[in-house]
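Student: Could you take a close look with me at one kind of detail here, the packing of helices? I'd like one connected account.

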Amino acid sequence: MYKIKIILSFIFINGLIMSQNFSFEQSLYYNYEFFKEKTLKDRFFKHSDIIRLIDSLKTKNVFTVKNAGKSFEGRDIFLLSTGTGKKKIFLWSQMHGDEPTATAALFDIFNFFSDNFHYNDVKNLILRNTTIYFMPMVNPDGADYFTRRNSMMIDINRDANRIQTPEAKILMETFDSLKADFGFNLHDQTPRYSAGNSFRQATISFLAPPIDYDKRIDNVRLNSMKLISGLYEMLNKFIPGHISKYSDDYEPRAFGDTFQKKGTSTILVESGGWKNDPEKQFIRKLNFILLLSAFKQIAEDSYKSFDENIYESIPFNEERLYDLILRNLAISKNGLDYKIDIAINYLEIFSKNGYYLKASIENIGDMSTFYGIEDYDFEGYKIDSGKTLLKEFNSIKEIKNLDYSELFEKGYTNIYFDNSKSETSDMPFNILTDKKKIDFAIKIGNNPTFVLKRNGKIEYSIINGFIQNLNTKTFKSNGLVF
Ligand SMILES: [Zn+2]
């Protein structure tokens with residue numbers, strides 16, 4: 001009976017799912033795709049991409065668009081605003097150029113406010129009670145080069161006191177002119193933080209930045225804590241256990257700490273990691289939901305009813321994750337048999353055509369206090385080194401026509417071919433361009449390429465840290481060229 005009631009209460013309005021059983025945030029969760037700015041597809045959009053979108057926003061009457069100044073290399077930094085309310089909210093994103101997740105979410109939010117047909121009650125509530133100022137992509141030079149720092153090689157978030165970068169100057173002057181009630185400092189963090197001592201990736205981390213080394217709580221900071229408590233309660237329904245707190249060590253050179261001290265209740269939002277979401281598109285959606293929820297909670301003052309102890313109880317980020325852990329492997333060395341776990345990370349190597357993953361052995365031994373984002377128990381398996389196929393080939397195509405299963409069964413992990421033009425092999429094997437031996441020993445920093453045997457038979461090959469399953473013939477084409 002209950003089920004039927006829920007089904008009947010769905011209404012489709014212009015393609016959106018609406019239901020009285022949904023909260024505002026649940027409804028946004030289901031309808032996000034409608035508002036998603038589809039031209040921003042991954043982490044690598046550029047300043048020119050947002051210029052195009054801002055130009056089109058200028059033609060709509062929802063936002064006031066102001067040129068706030070220019071970056072060190074002369075790229076425009078914008079301030080957009082909307083709303084007529086007394087409470088001022090200021091959001092700035094991507095002061096670290098390689099941290100774009102929230103910028104994309106801000107453009108989804110611009111679409112939300114530009115749409116005339118949905119959520120008009122909430123929109124009116126927000127726009128009547130607040131005025132919201134957005135500075136997307138504070139570091140456009142860094143964004144174009146996909147680097148953290150600006151092109152003077154200065155970390156803008158360590159320039160809040162000295163103000164040597166034009167970007168920091170623009171941010172500080174804008175802040176001083178607005179004197180906002182709330183500030184949102186939008187960043188990305190490593191996907192390898194866990195939420196407390198757990199296997200769960202920290203997907204969203206919050207912080208009410210401290211105002212001094214003693215981490216004193218004044219009324220300004222208390223409001224940040226209460227709002228984070230409200231956001232935590234809301235977001236934890238979507239990603240239970242994946243929310244954490246960023247380190248609360250005082251950093252007087254950072255903007256969040258400085259703005260909090262200057263009287264704006266500031267909230268740091270860090271977009272972390274989510275399994276199988278390397279481009280952070282799910283985390284972008286969470287940013288969309290949490291920021292709109294924050295606007296609503298500020299507009300109706302509902303955040304005030306949350307206990308700051310909820311904030312205090314959120315676990316801190318911990319460094320307990322590796323991308324892959326292979327556990328309980330038997331190994332022989334110098335006549336000694338012993339057991340190891342191997343922790344592996346995939347490093348993103350940027351090249352002309354985007355990036356590829358280069359695996360690295362990061363830790364060896366007892367990894368029982370760590371977790372793998374992918375984590376496998378290989379009890380009963382023994383590590384052995386792989387072999388290199390030394391045969392003359394005329395082309396990569398010829399190599400790609402080989403029977404991969406047969407090669408794996410014979411213990412091959414690498415193929416010698418001296419004429420490869422690429423950095424990756426596009427095959428489940430490494431290509432060696434030189435006959436001289438590459439060191440694939442099980443050592444920290446080495447590339448994880450080896451075979452796993454059970455009862456003397458190879459069942460798995462690990463190629464550049466990717467598991468090739470010979471039993472199911474499931475192969476991943478992430479080999480490298482050495
Ligand atoms: Zn950052």
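Tutor: Happy to! Val122, Leu125, Ile126 and Asn129 in H5 meet Leu292, Phe295, Lys296 and Ala299 in H10, where contact means heavy atoms within 4.5 Å. Helices (H or I, at least four residues) and strands (E, at least two) are DSSP runs, numbered from the N terminus. This is a predicted model, in which local features need pLDDT of at least 70 and side-chain atom pairs 80 or more, while totals for chains, interfaces and linings use all residues. Residues are numbered from 1 along each chain as its sequence is written, and side-chain values use heavy atoms, leaving out hydrogens and water.

H5 (residues 120-129) and H10 (residues 281-299) pack at about 60 degrees, with axes 9 Å apart; axes are lines fitted to C-alpha atoms, for helices over the stretch in contact, and angles run from 0 to 180 degrees between N-to-C directions. The pair is therefore oblique (under 35 degrees is roughly parallel, over 145 roughly antiparallel, 65 to 115 roughly perpendicular, the rest oblique). Their crossing is left-handed, meaning that the near helix is turned anticlockwise from the far one by less than a right angle.

Now for H3 and H4. These helices pack at an angle of about 15 degrees, with axes 12 Å apart. That makes H3 roughly parallel to H4, and this crossing is left-handed too. Here Ile50, Leu53, Ile54 and Leu57 in H3 meet Thr103, Phe107, Phe110 and Ser114 in H4.
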